[in-house]
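Open the model in your viewer and keep the selection panel at hand. The tour goes stop by stop.

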Amino acid sequence: EREMIYPVSENIEGYLRERERMAQVWRVWPHLNSKQMSLACATEREHRVQLPEKVRNSRILILGGTGRVGGSTAIALSKLCPDLRIIVGGRNQEKGAAMVAKLGKKSEFSEVNIDDMKSLEAALHDVDLVVHAAGPFQQAERCTVLEAAIQTKTAYVDVCDDTSYAWRAKSYSSKALAANIPSITTGGIYPGVSNVMAAELVRAARCESKGKPERLRFSYYTAGTGGAGPTILATSFLLLGEEVVAYSKGEKIRLKPYSGMLNIDFGKGIGKRDVYLLNLPEVRSAHEVLGVPTVSARFGTAPFFWNWGMEAMTNLLSVEFLTDRTKVQKLVQQFDPVVRAIDGIAGERVSMRIDLECSDGRNTLAIFSHKRLSISVGSATAAFAIAILEGSTQPGVWFPEEPEGIAIEAREALLKRAAQGTINFVMNKPPWMVETDPKEVGLGIYM
């Protein structure tokens with residue numbers, strides 16, 4: 001009960017400090033207002049998901065479960081669906097034991113090597129759903145986890161953020177269909193929740209507007225590494241070695257990475273931030289699945305000099321270096337102490353803004369902002385896992401914006417679960433309603 005009302009930190013490294021804080025809370029427990037305790041318990045119960053009886057006690061394997069993204073997903077799932085049995089998959093037994101201690105008696109650790117098919121198939125034995133959060137996905141040559149999931153007939157979701165990997169995973173759709181397993185690729189926060197937000201914007205425009213969707217723009221902001229540490233740093237560096245693919249009026253165009261800067265207003269709690277072009281998988285999937293002719297994606301970080309550093313790396317380091325996982329991992333190790341120190345100052349706020357422009361002049365947007373990426377990414381990934389368990393995903397391999405991936409009638413529930421704890425969550429509004437500095441064009445009309 002103590003952990004339910006005063007949850008421990010989402011950061012594994014802070015676990016011991018949190019235990020001491022919990023002890024302090026326990027010493028003042030008798031003096032707490034009973035009404036406050038009741039409200040806390042009621043809030044926890046309100047957010048819980050009542051899964052169908054046949055999947056309520058499902059076994060969920062989370063690969064990368066000792067890392068920031070996987071660990072956050074495990075915690076989110078254990079809170080939303082306390083009856084699930086969670087298996088923390090990873091290579092480090094010490095970190096695995098710490099996570100299991102945090103999750104409680106309905107969890108266990110499994111030592112897994114995702115590059116070894118036999119290890120994967122053994123870990124997937126008697127598992128109902130595997131969550132692949134063991135990135136980075138850039139430059140990976142095979143979809144070994146998905147292959148093992150199909151072989152063992154295990155439902156699958158990954159948090160892939162690499163275009164090549166995502167479309168390689170998509171190519172397994174017929175095999176997944178034959179095995180009768182539902183699978184989602186790019187099912188994290190961005191891409192993932194951002195794809196579903198975009199799909200809902202496009203659906204609403206086609207239902208409510210006479211114009212056609214013409215331009216879709218994804219804009220992302222994360223302070224520092226967002227508390228995600230080395231993995232997101234390695235991902236960012238590897239993406240700098242990839243030529244950006246975007247679409248303009250139906251034509252594929254290729255652009256330089258970390259170029260094309262725009263200053264985007266992410267609304268309250270975040271404000272205006274500079275964002276730069278990156279090669280992200282939701283650009284192609286949204287173009288092809290949603291049928292929008294012009295699509296692009298941008299990302300920015302803080303403090304501002306990190307953006308300058310990313311630009312400099314793009315210009316100074318060779319493509320061969322930036323696409324070599326071994327060299328990038330060594331570079332990340334050198335940067336890691338500095339990045340962690342600055343993360344402590346910058347915080348880990350995250351925001352996504354998706355803009356849709358239509359041919360009749362209708363402009364709408366969606367915004368998702370949270371104070372802590374390390375928590376929100378877990379809520380987002382857990383929302384996809386729950387949707388699969390609830391039967392919202394058909395057999396095959398799907399992107400989140402495909403109705404076979406997340407059924408249209410299930411999107412609202414997914415977004416609600418993913419948006420828990422957000423400081424700003426807006427869907428299908430005109431820009432002037434949510435921007436921090438709307439411009440008046442006259443007669444009380446804002447743009």
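How many of the 6 residues of strand 2 (residues 85-90) are buried? Select strand 2: 5 of its 6 residues are buried, so it is largely enclosed by the rest of the structure. Buried means under 20% relative accessible area, exposed over 50%, and partly exposed in between, with a 1.4 Å probe and protein chains only. Helices (H or I, at least four residues) and strands (E, at least two) are DSSP runs, numbered from the N terminus.

This is a predicted model: local features need pLDDT of at least 70, side-chain atom pairs count only at pLDDT 80 or more, and totals for chains, interfaces and linings use all residues. Residues are numbered from 1 along each chain as its sequence is written, and side-chain values use heavy atoms, without hydrogens and water.

**The sheet**

Find Leu61, which stands opposite Ile87 in strand 2.

Now select strand 4 (residues 129-132). It runs parallel to strand 1 (residues 59-63), joined by 4 bridges. Leu63 stands opposite His132 in strand 4.

Widen the view. The open sheet has 7 strands in the order 3-2-1-4-5-6-15, with parallel pairing. Strand 3 (107-111) and strand 15 (396-398) stand at the edges, each with a single partner strand, so one side of each is left without a neighbour in the sheet. Neighbouring strands are turned by 20° against each other on average, direction ignored.

Axes are lines fitted to C-alpha atoms, for helices over the stretch in contact; angles run from 0 to 180 degrees between N-to-C directions.

**Ser72**

Next, pick Ser72, found in helix 4. Ser72 is buried, with a relative accessible area of 2%. Leaving aside neighbours within four places in sequence, Ser72 is in contact (heavy atoms within 4.5 Å) with Gly67, Ser374, Ile375, Val377 and Gly378. Then show Ser379: 307 residues from Ser72 in sequence, but 7.6 Å away in space, C-alpha to C-alpha.

**Helix 4 and helix 5**

Last stop: select helix 4 (residues 68-80) and helix 5 (residues 93-103). Their axes come within 10 Å and cross at roughly 20°. Gly71, Ala74, Ile75 and Ser78 in helix 4 meet Met99, Lys102 and Leu103 in helix 5.

Note on methods
Pairing = 2+ DSSP bridges.
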